[in-house]
Each structure stands twice: as C-alpha cells, then as structure tokens.
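I opened this notebook page to record what I looked up, one place at a time, beginning with the ligand and moving on to the backbone and a pair of helices.

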Amino acid sequence: MSLKDDLEKLKEEGLKNIAESDEPSELNDIRVRLLGKKSPITDALRQMKDLPAEERPKVGSFANQIKEEIANAIAEQQAEFEKMMIEAKLKSETIDVTLPSHKTKKTGTMHVLHQIIADIEELFIGLGYQVINGSEVEEDKYNFEKMNIPKDHPARDMQDTFYIDDELLLRTHTSPQQARTMEEHDFSKGPLKMISPGKVYRRDTDDATHSHQFHQIEGLVVDKNITMSDLKGTLEILVRHVFGAERKIRFRPSYFPFTEPSVEVDITCFACGGTGCKICKGTGWIEVLGAGLVHPNVLKNSGVNPEVYSGFAFGIGPDRLAMLKYGVEDIRNFYLNDVRFIEQFKGEEA
Ligand code: PHE
C-alpha cells in the first residue's frame, strides 16, 4: 500500500472518530493522536525525504490537505460541543415565570390597639386637643390622692395594683394625668383640652376580659362653663367616629370618686342597631366608657378654682373598643404576639 493510501485511510478513520466522539476530552485525544508530533501524518511528512523528488510535492500537498481537513473537522466538532453545552446550560437555567414565587419578606403592621389609639388621637387633634403622654410609674399622690381617693378609702379596692414602694406604683388608670396637666396648664391662655393614652396596670386575675395590663385614653376639658352637654356632644363625636354615624349614646348614673356627677356611657349596638343580639346581650346597648364632670376636689387638688372653672373627663379602653369592633373574644390575644392574630388587622390602619 502506498503512503497516499495510508493517509487516505487515516483520514477516513479519523473523520469517523471525530464524528462519533461524545465529549471534548475524547476529541482532544483524537486531535493529539492525528495531528500531534507522533501522529502518522507527521510521520508521513517526515518520510517524504525518502520519496522520489517528483512525488514529494504531490504527497506533501496531499498530507497537508488531509491535515487541514482533519483540523477543520475537529474545529467543527469542537464548536458543536460548545453549542451543546450552552444549550444544556440555558435549558437548566430556564426560569419558569408561571411557577409560584419565593415567599416574599413579611411586612409588619401597626398593632391593632395602636391603630385604634392613633385613630382616636387624630380625631381629637382635629378638635383642638393636645396629646399628652404620661408615666406608667406614678405616685400614689397623683394616681389616688389628688383624684379624690384618700389613703385607706374603700374606692381603692376597685383599683388595686402593683406597688413599687409605699408612694410609688404602676398607675391603675390614666386619670392621674388630669391632675398633672391641670397643674401645668396656664388658664390665662385658654381652655385645657387634652387626651392622654397609655398603658395601665391592675392586680386583676387575667381572663378573657381582664388583663393585668391594658390601655386607656383619658380625656379632659377644663374651662369656664363646661357642662354635661359638652361631654355628651364630645362623646357622641367619638363613638360615631369609632362605631359608625348611626350610633346613639345614653348616660347611666355611676360612681367614680373623681367625677361628680359620674356616668357610664352606652352606645346603641353597632351589630344589631339596637334591637338586641348576642353582642349587646339582648339589650340593644353596649357600655363603652366612664365619664363625668371633674369633681371640685380634683380641681382644687390640682390648683384650679372650682368656683371659676369646671370640666369634664372621660376614660375609654382601646382594648375593649377593639374587642367590640373586631369581635375579639379574649383580651389576652392582644398581648400574645401571635402573628396569625396580629396580621388579621393589616390594612385596617386609618
Ligand atoms: N379612671 C376611670 C377608670 O379607670 C375611668 C374614668 C376616667 C372615669 C375619667 C371617669 C372619668 O375606671
């Protein structure tokens, strides 16, 4: 067999091997075998010196042509592999936009009690009231004595609490803020109108409607000629804002040591409109807050002359408002920090 035939055969086999190769490393082996230093083609070219001079160019160009054909075939196959790799990669990285997305980060929400407080604050700011923050640790003097509840008075039993020492305690209501703001207020500059929201504490046994810590919003207006009708009109605005424009209110006589007269305020049931249902326990009325005209002793204790000035005060419980408004059956839910509960009030922000 001639050298030419050998080369021809080598080319046939080589091209076949290249076409059949499955992966880049195999192709590289073929390249080394066919085109490398020890390849039969390189050998053949080396053997050319033994050929007759007229044969040499023919065989030479033939060998070079084969070399080129093989190199081209390898390059093509190499390109094919690269194309396949890119396709495989694209396929594995394809994004299916119809799949459900990853869970997005949870966003928080204002706690429902703070939503209610913020809403009421806004309403009263609109009516010209100032919002005052009091201290949760309070003096006995302000929590009780100035509020017309002397030491050892039986009315203290209604509001037993946590004492820090004999004179310091966790406030049982936001009412001490009444005395504190009256003492600060300069009545020559105009009437005193304030609300004061915050946490209060009582030595209650926790159950569905009692918590040792809950919230109140105190309201106080002191000026000349303040009467029960001012109180009624103001509370009407408040309950209609919270429970709907249709609500009517009524006053029932009650007792608080720091107001005289004192009233419990009921609203017509927002669920049945007053005909009687489960929420209003069949009465058509729901009790929502305590109020009254500021007791002359409280005015006096706070440095205000009861002969000249009078005032009204009210105390409202945001916890109770939220329970009524949203049908929450257990007050403790507000304080458990269970996100499943808290999240329900997302979007209720005013
Ligand atoms: N401080 C009273 C309570 O905690 C509520 C109240 C406030 C009543 C103001 C009348 C006037 O029960």
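Entry one, the ligand. I began by noting that this is a predicted model, and then I listed the residues around the ligand, which number 15, with H173, S175, R202, Q216 and G315 coming nearest. I looked next at polar side-chain atoms: one in H173 lies 3.0 Å from a nitrogen atom of the ligand, while an N or O atom in the side chain of S175 is 2.9 Å from a ligand nitrogen atom.

Entry two, the backbone. Most residues other than glycine have a negative phi, and most peptide bonds are trans.

How do the axes of α1 and α2 cross? I found that the axes of α1 (residues 3–20) and α2 (residues 24–35) come within 10 Å and cross at roughly 165°, which means that α1 is roughly antiparallel to α2. Their crossing is left-handed. On the α1 side I noted L10, G14, N17 and I18, which meet L27, I30, R33 and L34 of α2, and by class this contact has 5 nonpolar, 2 polar and 1 charged residues.

Key: Residues are numbered from 1 along each chain as its sequence is written. This is a predicted model: local features need pLDDT of at least 70, side-chain atom pairs count only at pLDDT 80 or more; totals for chains, interfaces and linings use all residues. Side-chain values use heavy atoms; hydrogens and water are left out. Axes are lines fitted to C-alpha atoms, for helices over the stretch in contact, and angles run from 0 to 180 degrees between N-to-C directions. Helices (H or I, at least four residues) and strands (E, at least two) are DSSP runs, numbered from the N terminus. Angles under 35 degrees count as roughly parallel, over 145 as roughly antiparallel, 65 to 115 as roughly perpendicular and the rest as oblique. A crossing is left-handed if the near helix is turned anticlockwise from the far one by less than a right angle, and right-handed if clockwise. Contact means heavy atoms within 4.5 Å. Ala, Val, Leu, Ile, Met, Phe, Trp, Tyr, Cys and Pro count as nonpolar, Asp, Glu, Lys and Arg as charged, and the others, Gly among them, as polar. A residue is near a molecule or strand if one of its heavy atoms lies within 4 Å of it. A polar contact is a pair of N or O atoms within 3.5 Å; within protein, one must be able to donate a hydrogen and the other to accept it, and residues adjacent in sequence count only if both atoms are side-chain atoms.
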